[in-house]
Amino acid sequence: MGLLLGDTAPDFEAETTDGKISFHDWIGDDWVVFFSHPADYTPVCTTELGYTAKLKEELAKRNAKAIALSIDPIEDHEGWIKDIEETQGCTVDFPIIADVDKSVSELYQMIHPKADPKVTVRAVYVIDPNKKIRATFTYPPSAGRNFDEILRLIDSLQLTDGYKVATPVNWRAGEDVIIVPTLSDEDADKLFPKGYKKIKPYLRTTPQPNK
């Protein structure tokens, strides 16, 4: 059985480009985007890490930060970072784990032998400040990920943690949300003073409550 939503993210110690870390201590009180990339000095990964570096302020607005992993050594990470910064016009100031012995990759099931037994796939774990796994997704090595979707996902998770709402298809911050169907109309009247539109008994939309 793999890691499931709601599970506590496994703790570990690892060497990174920012020095040795204990993962849970490093998380602290932040949200975390923990993602693996297949290998250093590869083209798709270069674009992904460059774009992630540019998202530092957007992540910080959400009390979030990024940490990456591959099974290459620190020396490769440090050399490759120079290429990323040169070609992507960024400063890579988030840690990259050097998982040379593959212990973290195996702990988080980032190596999929039927995809490629020699490298990690493009796995993503979104972890909350309570160290709980809140979302996961996995891409093959050939497909770059959409990191804007990760921001959208964090927005949704943080909103729905605070209010009895869910976010509809393709929702973006600032758009209407859905009142959870377990909430009665009477309670919805109290909790959503901006009002709501009742399309069906189970489908009620309301303006985003924290805007």
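# A guided tour of the predicted model

Begin by selecting Lys20 and Glu13, which form a salt bridge whose closest N and O atoms are 3.6 Å apart. A salt bridge here is a side-chain nitrogen of Lys or Arg within 4 Å of a carboxyl oxygen of Asp or Glu. Both Lys20 and Glu13 are exposed; exposed means over 50% relative accessible area, buried means under 20%, and partly exposed lies in between (1.4 Å probe, protein chains only).

This is a predicted model, in which local features need pLDDT of at least 70 and side-chain atom pairs count only at pLDDT 80 or more, while totals for chains, interfaces and linings use all residues. Residues are numbered from 1 along each chain as its sequence is written, and side-chain values use heavy atoms, with hydrogens and water left out.

## Further salt bridges

Side chains of opposite charge can pair when their charged atoms come close. By the rule given above, the count comes to 13 salt bridges.

Next, select Arg134 and Asp161, whose side chains meet in a salt bridge at 2.8 Å, N to O. This pair links distant parts of the chain, 27 residues apart: Arg134 belongs to strand β7 (residues 133-139) and Asp161 to helix α6 (residues 147-162). Helices (H or I, at least four residues) and strands (E, at least two) are DSSP runs, numbered from the N terminus. Arg134 is partly exposed, with a relative accessible area of 21%, and Asp161 is partly exposed at 48%.

Move on to Asp185 and Arg204, a salt bridge with its closest N and O atoms 2.9 Å apart. Here too the pair links distant parts of the chain, 19 residues apart, with Asp185 in helix α7 (residues 185-191) and Arg204 in strand β11 (residues 203-206). Which of these two partners is buried, and which partly exposed? Arg204 counts as buried because its relative accessibility is 1%, whereas Asp185, at 26%, counts as partly exposed. Then select Glu58, Lys61, Arg62 and Asp155 together, as salt bridges that share partners join these residues into one network.

## The annotated residue

Select Cys45 in helix α2 (residues 43-54). An unreviewed UniProt entry carries the annotation "active site" for Cys45; UniProt positions are given in the numbering used here, feature names are shortened, and annotations may be inferred rather than shown by experiment. Cys45 counts as buried because its relative accessibility is 1%. Leaving out residues up to four places away in sequence, Cys45 touches His37, Pro38, Ala39, Trp80 and Arg122, where contact means heavy atoms within 4.5 Å.

## Two loop residues

Asn63 is found in the loop between α3 and β4. Although Asn63 is not a glycine, its phi is positive, about 55°. Asn63 is partly exposed, at 37% relative accessibility.

Continue to Lys102, in the loop between β5 (96-98) and α5 (103-107). Lys102 is likewise a residue other than glycine with a positive phi, near 65°. At 26% relative accessibility, Lys102 counts as partly exposed.

## The domains

Finally, colour the chain by its division into domain 1 (7-145) and domain 2 (163-207), bounds that come from an automatic or database domain assignment. The centres of domain 1 and domain 2, taken over C-alpha atoms, are separated by 35 Å.
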